[in-house]
Amino acid sequence: MKAKIAAAPYLVWMVLFILVPLGVVVYFAFTTADGAFTLDNITEFAAYLPVFVRSLLFAVAATVICLVIAYPFSFMLSRMRLNHQRTVQMLVMLPMWMNFLLRTYAWMTLLENNGLINKFLALFGLGPLQMINTGGAVVLGMVYNYLPYMILPLYTVMVKIDQSVVEAAQDLGCNTLQMTAKVLMPLSVPGIVAGITMVFVPSVSTFIISRMLGGGNNLMMGDLIEMQFLGNSLNYNLGSAMSLVLMVVVLICMSITHVLGNEDVEEVM
Amino acid sequence: MSNNTIISLKDIVVDFDGEVILPGLSLDIHDKEFVTFLGPSGCGKTTTLRVIAGFIEPKSGSVFFDGKDITHLPPYKRAVNTVFQKYALFPHLNVFENVAFGLRLQKLPELEIRSRVLSMIELVGLKGFERRNTTSMSGGQQQRVAIARALVNQPKVLLLDEPLGALDLKLRKEMQTELKRIQQTTGITFIYVTHDQEEALTMSDTVVVMSKGYIQQIGTPEDIYNEPTNSFVADFIGESNILDGIMHRDFVVEFAGREFTCVDRGFDKQELVNVVVRPEDIEVVPAIQGQLTGVVKSVVFKGVHFEMRVEQAGYEWIIHSTRASQPGELIGMNIGPEEIHIMHRMEEN
């Protein structure tokens, strides 16, 4: 009984800040401005399909790049000496102490047509390269901002994998690639799933990064939704419908990832 | 026991961050032998094993396997397999798949894998456990899986890194017998690392006693126990009384304040030596008949024998005797010439 009482504040919190807002979003999504029931908001979504597809593509690209960078990095980190591990971990976390907007502004000044990188290239008679306002810049921004969220869960899982298990695999005839595929991957599935979730979800719904680094041509779903609430196209009902669809798609993606992850684990067990 | 050298280490030097672990170790290991590296922790025995397995590349020196230089070969290309201290089983695989791991990598036909894995699981006494999850097994069972997983690849040499360290005493004894049986059945060279001298004496054909990165003595268990080459070996292999002595001439040594007849010769005149007497080799007699007399400080019952501490002229002797004396009693001690082991005094290295 005591446990239940202790959980009460959390329950109130959940209802107030998760269930109620969700209910409001659903309500707005299925009503007109006058409050009458309608499905128009949802069907109107079809017009924004290209933006939606772009959001998914960018988010998938960012997630894959994060995974490719973070996986070997986390493994090496987990095999370092403990005091080195702490230092590198700190270096990974350090940028997160800085404001998200500031970090993204910093990338703007780096990538601009007369920004630092292009100036540097000009010294060698190269460029200028068009980097800002491209899809690549948006993906770069997402990778940069969300990489720690991939590294940390992977590291947490890998640090628990005993070095002798890795050595046993090598001893039994695995080269590095085989060892990764047959031992490391199966044992780090929980970290992979967590990392993908933590990078994909914020990536697919971001609006600051795409606005600052992507210019006007790389709008993502987050940008569209923001416009419905704060921008000049003020339309709460459409914005809610978009949010709802995005949420459902993310939920589907996540359940697929989790099922795949679990199946993997069960299959090899 | 054949005399074909299967593994040969030449002047192996290993250091970690400037701390020298192996200062230049050379050793030949013969085919089909049960060899044990014995020594206290930090003596370099595990390091030597890891050099053979390929997990540590020596700073200098060479490793030869069947006459071929394998110093720079990665572990997965070596015809040796390892049984790790903490088993290191793959937690995501069941018993069958753990054992089959190496064979699957060799891409053998499924049928052959099945029959080899099953017969190996039977050999280690785990028949019926094929589908079991390794994480739910006892330490002894996990160790059997680890042994099967290594042996199924039919390595020429099996490396065992304190594989029984985590098991309780009774299980350890069982597994010692089991390992010896498996080694004799398969005819594979076993290189076994342990700090437990009894384990080493029980199982080995050859014992390599190590300390501080140096080999102190190589020999059969009997040699090592009965003819230790220095006081370190004597002290490490079972309890010993180690005293300073002077070798007056052949067959005459002085220690503990009197001269004794012994069977050793070939030392320099008046050479300072270490004298080793095993606790069970001292005969307890009435004080008046003893070559030495001492006062019993303590008596502890050890099952087969009593362990007594006896003070004599400032030295505390350890004596194993089947008959207990009373603490405070004055007793006599006799030591026969055969029981006195004399060795050159060891330089501190």
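This is a predicted model: local features need pLDDT of at least 70, side-chain atom pairs count only at pLDDT 80 or more; totals for chains, interfaces and linings use all residues.
Which residues touch the most other members of the largest nonpolar core? The core has 78 residues, and the ones with the most contacts to other members are Ile7(B), Ile29(B), Phe37(B), Phe90(B), Phe101(B) and Ile191(B). The element that gives the most to this core is H7(A), with 12 residues. Apart from it there is another core, of 34 residues, which includes Tyr87(B), Ile147(B), Ile182(B) and Tyr192(B).

Take Ile7(B) as an example. Leaving aside residues up to four places away in sequence, its contacts are Leu27(B), Asp28(B), Ile29(B), Ile52(B), Phe64(B), Phe65(B), Val157(B) and Ile191(B).

Now to H7 of chain A. This helix covers residues 135–158, 24 residues, and spans 32 Å from first to last C-alpha, close to the expected 34 Å. There is a kink of about 45° at Tyr146(A), shortly before the proline Pro148(A). Of the 24 residues in H7(A), 18 are buried, so the helix is largely enclosed by the rest of the structure.

Next, the cysteines. How many disulfides does the structure hold? Over all chains, the number is 0. For Cys66(A), the closest cysteine sulfur belongs to Cys253(A) and is 16 Å away, too far for a bond. Cys66(A) is buried, at 0% relative accessibility. In chain B, Cys262(B) is buried as well, at 3%.

On to charged pairs. Over all chains, the count is 22 salt bridges. I will go through some of them.

Glu198(B) and Lys173(B) form one, at 2.7 Å from N to O. This pair links distant parts of the chain: Glu198(B) sits in helix H6 of chain B and Lys173(B) in helix H5 of chain B, 25 residues apart. Glu198(B) is partly exposed at 38% relative accessibility, and Lys173(B) is partly exposed at 34%.

Helix H5 of chain B also holds both Glu178(B) and Arg181(B), 3 residues apart, about one turn of the helix. An α-helix has 3.6 residues a turn, so residues three or four places apart point the same way. The closest N and O atoms of the Glu178(B) and Arg181(B) salt bridge are 3.3 Å apart. Glu178(B) counts as buried, at 18%, whereas Arg181(B) is partly exposed, at 36%.

Another bridge joins Glu110(B) to Arg104(B), at 3.0 Å from N to O. Glu110(B) is partly exposed at 44%, and Arg104(B) is partly exposed at 26%.

Last, a network of salt bridges links Glu239(B), Glu307(B), Arg309(B) and Glu316(B).

Methods. Residues are numbered from 1 along each chain as its sequence is written. Chains are lettered from A and ligands numbered from 1 in the order in which they are written. Side-chain values use heavy atoms; hydrogens and water are left out. Helices (H or I, at least four residues) and strands (E, at least two) are DSSP runs, numbered from the N terminus. The expected span of a helix is 1.5 Å times one less than its number of residues. The bend at a residue is the angle between axes fitted to the seven residues ending there and the seven starting there. Buried means under 20% relative accessible area, exposed over 50%, partly exposed in between (1.4 Å probe, protein chains only). A nonpolar core is a set of buried Ala, Val, Leu, Ile, Met, Phe, Trp, Tyr and Cys residues joined through side-chain atoms within 4.5 Å. Contact means heavy atoms within 4.5 Å. A disulfide is a pair of cysteine sulfur atoms within 2.5 Å. A salt bridge is a side-chain nitrogen of Lys or Arg within 4 Å of a carboxyl oxygen of Asp or Glu.
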